[in-house]
Amino acid sequence: MAKKKSETPESSEAIAKSNYVRCRFCGQKNAVKDGFVNGQAVCGRCKLPLSNEPHKKFADLNKHDYVHPADSKALAALKAIPGVDSALKKFLAVTFESAMRVNFMASAVKITPIQYPDLHAKLQIACTTLGVDMPDFFLQQNPIVNAFTFGSERHVIVLHSSLIERLTDEEILAVIAHEVGHIHAQHVLYLTAARILELLMQVGLNMIPGGEIAKFILNTTVSSALLAWARRAELSCDRAALLVVQDPHVVGRVMMKLAGGSFASKLDYDQFLEQGREFKKLCDENQLDNFWANIINAGQTHPFPIWRVSEIIDWYESGEYGQIIKNK
Ligand SMILES: [Zn+2]
Ligand SMILES: [Zn+2]
C-alpha cells in the first residue's frame, strides 16, 4: 500500500510518534516527551523554542533586498565624497581598530562551540540564515545593554552581559542577527569609523592621530555624512534581524526592553506598539528630518526604540518581508 502523505518523517504526527523534533533553527535532533506542544520545549543546543513551523534559510539574499531606503540614501551621499573609502581605511589603521581587537581578547570571553555553546549556536543560525561567514564573537561583562560589530579587516561581534541577562533566547537571537546584518549589509567599515569618531569626540578631537587623514575625516562634510548614515543603518539591520527570527514581535519586544528595561510583569507589548503608532502619527516628513538631527546632537548611537519598532512593524505589514521569505 502506498504511504500516505501524513506519514512522512517531517509531519507533526510522525514526529509525535517518534518522540523527537528537529530544531528548525539549528537542525539539532531533540528528544521530546509525549504530547509535545509547539513552543513549550526548547532545543538542547541553541535553547530556542522547538516548533514544527519551518525556518527559512536564504540561499541568495542581497542587501538591496532589505536595506532601508534612508540607509541607501545616506550611504550614497557618504560614498559620493571623493576618497572617502580609502581615507576611512587609513583612519582605522592609525586609530584603534587593532587595539580594540586586543582589548576584547584581553577583557572579554571568546564565544566558541564549548564556551557559551548556545550563544555560538545562535550566531551560527544568524550566519547561515543570512549567508555570512562566522565572525569572531565575544561576551563582555558590562552593565550597559548593548551589542556592536567592528573590524574592517576581520569582523568582530561583542555582546554585553546585561543584554544576555535581560532578554529571552529568541530576543538574543534577534540582537545577534541585527549585528550579523551589519556584516551582510557591508556596513562594518563605515560603522567602525563612526564608532571611533564618536569615541574620539568624547575624549577631545585634539587626541586624534593621523594628521591629514584626521583633518579629512573631521571635515564636517565627512563626519556629519558618516554619523547621519550610521543611525539610518540601524533600521536596515532591524530588518535583517526580522529575516532571521521570522517573527516581527520578537524584534518588537527587544525594542520594548531597550526602551523600558526588562521589568516584564509591568510591561505591556500591545501598549508599546500603540505608543509606536502614535509617535509615527506625530512625525511628518519635516519633523522627521529634525528628529534625525536631534538624535545625533543628543549623542545617541541608535534611533529611539519606539521609532524602530514602528519601522519594523510597518515593513512587515507592507508585504516586502513576506515577498523576500517567499522568493529568496
Ligand atoms: Zn536548535
Ligand atoms: Zn546596529
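Phenylalanine 137 stands opposite isoleucine 157 in E6, one of the strands (E, DSSP runs of at least two residues, numbered from the N terminus, as are helices, H or I, of at least four). This is a predicted model, in which local features need pLDDT of at least 70 and side-chain atom pairs count only at pLDDT 80 or more, while totals for chains, interfaces and linings use all residues. Residues are numbered from 1 along each chain as its sequence is written, and chains are lettered from A and ligands numbered from 1 in the order in which they are written.

**Exercise 1.** Find the strands that pair with E6, and the sense of each pairing.

*Solution.* Start with E4 (residues 136-140): E4 and E6 pair in the parallel sense over five bridges (pairing requires that DSSP finds at least two bridges). Next, take E5 (residues 147-150), whose pairing with E6 is antiparallel, over four bridges. Here phenylalanine 150 stands opposite valine 156. Finally, look at the turn: five residues separate E5 and E6 in a hairpin, and glycine 151 there has a positive phi of about 105°.

**Exercise 2.** Decide whether cysteine 127 is buried, partly exposed or exposed.

*Solution.* First, locate cysteine 127 in helix H5 (residues 117-130). Then recall the cut-offs: a residue is buried if 20 or more other C-beta atoms, placed from the backbone, lie within 10 Å of its own, exposed if 12 or fewer, and partly exposed in between. Cysteine 127 has 19 C-beta neighbours inside 10 Å, so it counts as partly exposed.
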